[in-house]
Amino acid sequence: METKNNWRAWLYLAPMLFLMAVFTFYPLFNAFVISVYRDYLPLANEGAGTISGYTLSNYSVIFNNQLFWQAVLNTFVLAFVSVPVSIIISLFISVGLKSIPKLKGFFQSIFFLPYVTNSIAVGMAFAVMFHRNHGLFNAILSWFGISAIDWIGGTATWWAQMGALMIFTIWESLAFKILVFTSGLQNIDKQYYDAARIDAASKWTIFKRITVPLLSPLIMYISITSLIGALKAYNSVIGLFGERLGGQPYSMITIVAFVYKYRSDFAFQGYYSYAAAGAIILFFITLLFSAMQTMVAKRRVHY
Amino acid sequence: MAEVFVKNEKVYKTQKFISNLLIFIFLGFVALVVLVPFYWMLLTSLKNTTMIEQVPPIFFLKPADWEIENYRSLFYLVPSGPRRGEPLFPFFTYMRNTIVVSIVSTVGTVLTTVLAAFAFARLNFKGRDVLFAILIATMMIPGEIFILTNFLTINKLGWYDIMNQTFMDVLLAMTLPFMTSVFYVFYLRQTFKQIPNELYYAAKVDGTTDFQYLLKIMIPIALPTIITITILNSMGAWNAYIWPAMITTKDEFRLVSNGLRGAFTDSGTGRTDFGQQMASAVLVTLPLLLMFFVFRKQIMRGVSRSGIKG
């Protein structure tokens, strides 16, 4: 290939790079800057855009904020439970799909539906299903003689609210994983299964000894990207609980919701910097997981 | 010997039948779980308040009992309050906004993506691989970090004018920050790379310029991928919630997701009208499901690509 047209290549890249410079790279850098402003007022009224210096105390303000720790707790519990559970369920479903090739396409399309829907609309439907008096979940529980639980209302316990959010999150996240694992399974060489058949291996043994090990790089990759995705949970909370973010105000707040809460209070001096500091912390958490993924991918493939 | 073999064959077949039946039941159960929320949404949207509050809940409704009022009332004008004179759920306004935003941002995204993917796949320039790695790395950064500054940028550009914001301002603010997608560039670059080099050199000999080659050869060959990108991207506007809410100063500029939450709770009594709420949810969900049924193959192919590491 010729190298003399160097500058032409940059011409093709220009639209994308220009937009990314303005809306991706500069904001990334600027978020760090905002997070160390003292008494920052971004806009509105007089004195907009002024600061009175630089400080790291915004971070300590956040670390002393109980709401922040609530957000961290909620986000981590949600991510670290819902991701493994949904991965295990979707693995079983994908393996099941493989053994009934005739109906595979039909089932696959149904399982994919949650992916193409608006999570706020469906979250609202879940809120109706979780209603204490006339919801579907409590109706089903009553068949087994279990008395009504307040899942998402004002008297709901933290566990009930987290349970409801978890059920909704898992329901939503299965679609993508099933699709990816199903296409991953297709790429496994058939001869492994034929060999196992000759050895009269049981289905469970085949799953444990062949399917999972051969899929393990993909499982690892999906685990970490899903984890990063789950750490950004927000729309699902809005869908299920509304702007109140919980049965009690803020009881199901997530890190992203914490950032948005302080962002929307930008008329208060310094609040925008708290939002930025929260976003930076989230950035470092996701960075940690991304780094882990790179390390794992480099170190070993499980077969 | 032969008998034993036949017997084993029979046992094997029965076992296989039973295990497939169990798998079928399991998958059928999961399918049911996936479908129930959609069914419940539709069912509740067709119930009146008395039916909604019935315990135990009604699981089936005869078409004769369907309450269409929930849908009709969405278009009634609000009698008082800050939103006086507007429909309770301005579905058609939101829908129009969503479609316009979706088209503009998709056209922009496809343009930037095709040009950038071409440069990365076909042209040779200094720092190409480093730049590509940097772009891929940005995919992992949570979008919340950009939003804080982008909001200020939009404001500086005069697109967030509380007194007289126009739809043009809103359109620019909603689309420009989202007119690039590293994942789509990555995806299209893969497709572009599969086009044999010989084609390029042959075209060069014929005096075709790079741009003509992109237009006449690469884009037609990669059209399925470009269509997939178009579909996936245009669905994004349906899910956008926080950004449109943040940068619009008037209700009439918002997108469908924004209209969903909050509008159906009576501020005085705190009671939520679940029937109306679910009717609006059905209206928002339906266009997406229709899109899915029409473009099922393209959507699933495109999404499954994003799960494969490169």
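**Core.** I looked up the largest nonpolar core of this predicted model. Of its 152 residues, A:Ala125, A:Val237, B:Leu148 and B:Leu188 touch the most other members. I took a nonpolar core as a set of buried Ala, Val, Leu, Ile, Met, Phe, Trp, Tyr and Cys residues joined through C-beta atoms within 7 Å. Helix α7 of chain A (residues 158-186) gives the largest share of this core, eleven residues. Domain 1 (2-73) and domain 2 (91-305) of chain B both contribute residues, so the core lies between them; the domain bounds come from an automatic or database assignment.

**Ground rules.** I kept residues numbered from 1 along each chain as its sequence is written, with chains lettered from A and ligands numbered from 1 in the order in which they are written. Local features need pLDDT of at least 70 and side-chain atom pairs count only at pLDDT 80 or more, while totals for chains, interfaces and linings use all residues.

**Chain A against chain B.** I found 79 residues of chain A in contact with 73 residues of chain B (C-beta atoms, placed from the backbone, within 7 Å). On the chain A side, helix α1 (residues 6-35) supplies the largest share, 19 residues. Helices here are DSSP runs of H or I, at least four residues, numbered from the N terminus.

**B:Ala116.** Is this residue buried or exposed? B:Ala116 is buried, with 29 other C-beta atoms within 10 Å; buried takes 20 or more, exposed 12 or fewer, and partly exposed is in between. I placed B:Ala116 in helix α4 (residues 91-122) of chain B. Leaving aside neighbours within four places in sequence, B:Ala116 contacts A:Tyr12, A:Leu13, A:Met16 and B:Val185.

Definitions and conventions: Helix = DSSP H or I, 4+ residues; strand = E, 2+ residues; numbered from the N terminus. Contact = placed C-beta atoms within 7 Å.
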